[in-house]
Amino acid sequence: TPATINLPSMTGSVCEGDTFRLNNIVFGGASNQVTITTNGTGNLSSSTSNVSPFNISYIPSVSDVNNVIILTFTSNDPDGAGPCFPQIVTLPLTVRNNPSANVTGDDEVCLGSDVTLIATGGVGYQWSNGGSINDTTTFTNILIPSTFSVTVTDGFGCRDTALYLVDIKLVNAGRDTTAEYCKSAITVVNLSDFIETDAQLG
């Protein structure tokens, strides 16, 4: 009986730093073993299986990123010197790089003020600290120096997280003393007290 290998999918993709998993790989016919190899340089969970069905996983290396690597599944020879041949099935695996998350906005605010931060680098956003799922979010009533984070997702589901520190504006008010310096004042000046003219009123 000819050897058979059936994969649940004939292609795959994985993000940088994630694990690719392929479950329910089935082989049969006269074969009783499958060998798994790859031209990638990452970590392959298993190189052989004598049990059907079986699962494997692959963790890409840095050098795999932005490349398509090949996972090759090869059965043993069912009948030795007979007319049957080993079955060989390949699966191309695309290793995608992660997006680059970036945050802009004020890095210092007055005590109790709000801060609006803008994230870029993806198509989906998730802010920490009760923030929104939009690229722009506002955090209110900042009372202490605070670090906010946003997770950016690209169109392939790959992710990156950026941290952003927002500090409280302080000024040195003397030895071992600091004070918040965002107080504002309004001064009204009567300009007529400072204007001289030689004009005569008629």
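Figure 1. N129 is part of the loop between β13 and β14. Its phi is positive, about 55°, although N129 is not a glycine. That is worth a second look because most residues other than glycine have a negative phi.

**Figure 2. N66, another asparagine with a positive phi.** Here the phi is about 70°, and again the residue is not a glycine. To place N66, look for the loop between β7 and β8 (67-75). Is N66 buried or exposed? With a relative accessible area of 55%, N66 is exposed.

**Figure 3. The cis peptide bond between S52 and P53.** The bond that joins these two residues has an omega of about 0°. For comparison, most peptide bonds are trans. P53 belongs to the loop between β6 (48-49) and β7 (54-59).

**Figure 4. The disulfide of C15 and C158.** How many disulfides does a search of the whole structure find? There is one, and it is formed by C15 and C158, with sulfur atoms 2.1 Å apart. The angle about the S-S bond is -85°, which makes the link left-handed. C15 lies in strand β2, while C158 lies in the loop between β15 (146-153) and β16 (159-168), so the pair ties together parts that are 143 residues apart in sequence. Both cysteines, C15 and C158, are buried. Strand β2 (residues 12-15) is also where confidence in the protein is highest, at a mean pLDDT of 98.

**Figure 5. Aromatic rings around W127.** Three aromatic pairs are found in the structure. W127 and F139 are both buried. Ring pairs also bring in F148, so that W127, F139 and F148 are linked into a cluster.

**Figure 6. R96 over the ring of F156.** In this view, look for an arginine and a phenylalanine. The charged end of R96 sits over the F156 ring, at 3.7 Å from the ring centre.

**Figure 7. A stretch to read with care, residues 184-191.** Over these residues pLDDT stays under 50. How many contacts beyond four places in sequence does the model have for them? The model has one. Where pLDDT is low, the predicted coordinates should not be read in detail. Among the strands, β18 (residues 177-180) has the lowest confidence in the protein, with a mean of 53. For the protein as a whole the mean pLDDT is 87, and 82% of the residues reach 70 or more.

**Figure 8. Stepping back to the protein as a whole.** The secondary structure consists of 18 strands and zero helices. Of the 202 residues, 30% are buried. Among contacts with a separation of 6 or more, 53% are between residues 24 or more positions apart. The accessible surface comes to about 12,400 Å², and carbon and sulfur atoms account for 50% of it.

Definitions and conventions: Residues are numbered from 1 along each chain as its sequence is written. This is a predicted model: local features need pLDDT of at least 70, side-chain atom pairs count only at pLDDT 80 or more; totals for chains, interfaces and linings use all residues. Side-chain values use heavy atoms; hydrogens and water are left out. pLDDT is the predictor's confidence in each residue, from 0 to 100. Helices (H or I, at least four residues) and strands (E, at least two) are DSSP runs, numbered from the N terminus. Contact means heavy atoms within 4.5 Å. A disulfide is a pair of cysteine sulfur atoms within 2.5 Å. Buried means under 20% relative accessible area, exposed over 50%, partly exposed in between (1.4 Å probe, protein chains only). Accessible areas come from the Shrake-Rupley method with a 1.4 Å probe; for residues, only the protein chains shown count as cover. Rings of Phe, Tyr and Trp (its six-membered ring) pair if their centres lie within 6.5 Å; planes under 30 degrees apart count as stacked, over 60 as edge-to-face and the rest as tilted. A charge sits over a ring if NZ of Lys or CZ of Arg is within 6 Å of the ring centre and within 35 degrees of the ring normal.
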